[in-house]
There are 2 protein chains.
Amino acid sequence: MVPDRLTVAALDELVAGDSREREHYEGGAADGEALTGCSFLECRFTGVTLTDAELRGSRFVETVFEAPFAHTLKAARTTWRDVRVVNPRWGSAELFDSELDSVHLTGGKIDYLNLRGSRLSNVVLEGCTITDLDLADARVTRVAFVDCRIGTLDVTRASCCSVDLRSSEFSRLHGIEGLAGATIDDLQLSLFAPLFAEHLGLRVEG
Amino acid sequence: MVPDRLTVAALDELVAGDSREREHYEGGAADGEALTGCSFLECRFTGVTLTDAELRGSRFVETVFEAPFAHTLKAARTTWRDVRVVNPRWGSAELFDSELDSVHLTGGKIDYLNLRGSRLSNVVLEGCTITDLDLADARVTRVAFVDCRIGTLDVTRASCCSVDLRSSEFSRLHGIEGLAGATIDDLQLSLFAPLFAEHLGLRVEG
């Protein structure tokens with residue numbers, strides 16, 4: 001997805017509104033920098049720290065993030081197309097109102113992944129540990145969770161189409177009616193059953 | 001509930017609109033008779049056959065039925081208050097739009113118990129085998145199923161309050177959203193779970 005020959009570049013050269021192509025950022029931090037409205041095409045970020053960097057409105061296309069780190073990732077209203085994110089370590093990842101198309105998120109640990117109101121299509125999350133995954137009001141199409149460990153999944157008012165939760169662990173679900181259109185496995189069915197009953201107004205007593 | 005000293009009476013004396021009190025009907029058949037709008041107070045029916053007897057609008061108060069039989073029981077818009085029915089053998093029991101208050105149904109076998117649109121309160125069904133139990137549009141309050149075997153339970157648009165399904169078997173459920181307000185047990189939860197998932201628009205695949 002990303003070509004081999006990239007120009008080495010440094011995060012501290014970046015300014016808001018930049019349009020960068022075929023660059024490789026290795027290490028370094030852009031903590032607190034204003035990087036709104038940037039565009040990255042065919043870039044690679046390796047081991048960069050982006051705590052509180054203001055990425056609002058930026059675009060990442062055909063780009064790879066390897067072991068990205070941020071206490072808070074300020075990336076609302078961003079666009080991610082043909083992007084691979086490997087082993088992220090994010091505290092609060094604010095990606096609400098974003099567009100993710102053909103995104104592959106592998107491994108890593110995220111405390112709070114906020115995708116409220118976002119549009120996700122052709123997204124795979126594989127082997128990720130996410131404490132809180134917020135998909136409230138999101139449009140979620142062709143999304144698969146593979147061997148993930150999710151604490152709380154919030155799908156309040158979400159609309160799901162071809163969403164595959166099988167093989168992943170979900171400890172808590174909020175807004176389950178938003179899960180219509182998803183596929184679960186037998187184990188998940190038995191784990192979620194009390195929640196379904198509660199949602200239907202049924203009491204369960206031995 | 002029923003006093004010991006009852007007057008022995010015969011089914012073939014009955015006519016539509018009769019008001020009978022403290023009578024005992026033992027055996028006999030009123031098949032196809034027009035018995036609409038009758039009232040029975042503190043009566044006992046033992047082993048009577050009422051196939052196609054037209055009982056529409058009749059009232060049964062503080063009355064006991066023992067081993068009643070009917071291929072078709074035509075008892076729409078009837079009132080049953082403080083009534084005990086023991087070991088009924090009914091094919092199609094048409095009790096739609098009826099009022100049942102303090103009714104205890106014990107044992108027996110009913111192919112189709114049609115209680116559509118009826119109001120049930122303080123009703124106990126105990127040890128009954130019912131192939132199809134239709135409670136669509138019914139108002140069901142303080143009703144318990146004890147050790148019953150129910151094939152299909154239809155609760156489409158029913159409203160349930162303090163309804164206890166525990167300890168009984170239900171093979172199929174229709175209109176489960178009408179079951180809000182009912183109590184189920186853990187086994188029923190696991191049996192109903194696929195239905196709940198389907199109702200929520202979820203697919204379940206191993």
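Modeller: Gladly! Let us start at a bend: helix 1 of chain A has a kink of about 50° at Phe192(A), shortly before the proline Pro194(A). The bend is the angle between axes fitted to the seven residues ending at a residue and the seven starting there; helices (H or I, at least four residues) and strands (E, at least two) are DSSP runs, numbered from the N terminus. This is a predicted model, where local features need pLDDT of at least 70, side-chain atom pairs count only at pLDDT 80 or more, and totals for chains, interfaces and linings use all residues. Residues are numbered from 1 along each chain as its sequence is written, chains are lettered from A in the order in which they are written, and side-chain values use heavy atoms, leaving out hydrogens and water.

At the start of the helix, a side-chain oxygen of Asp185(A) comes to within 3.2 Å of the backbone nitrogen of Leu187(A). Just after the helix, Gly201(A) has a positive phi of about 80°.

Phe192(A) is also one of the buried residues of helix 1, buried meaning under 20% relative accessible area (1.4 Å probe, protein chains only); Gln188(A), Leu189(A), Ala193(A), Phe196(A) and Ala197(A) are buried too. Their cover includes strands 17, 18 and 19 of chain A, together with helix 1 and strand 19 of chain B.

How does chain B relate to chain A?

Note on methods
Buried < 20%, exposed > 50% of the residue type's maximum accessible area, 1.4 Å probe, protein only. Contact = heavy atoms within 4.5 Å. Polar contact = N/O pair within 3.5 Å; in protein donor to acceptor, adjacent residues only side chain to side chain.
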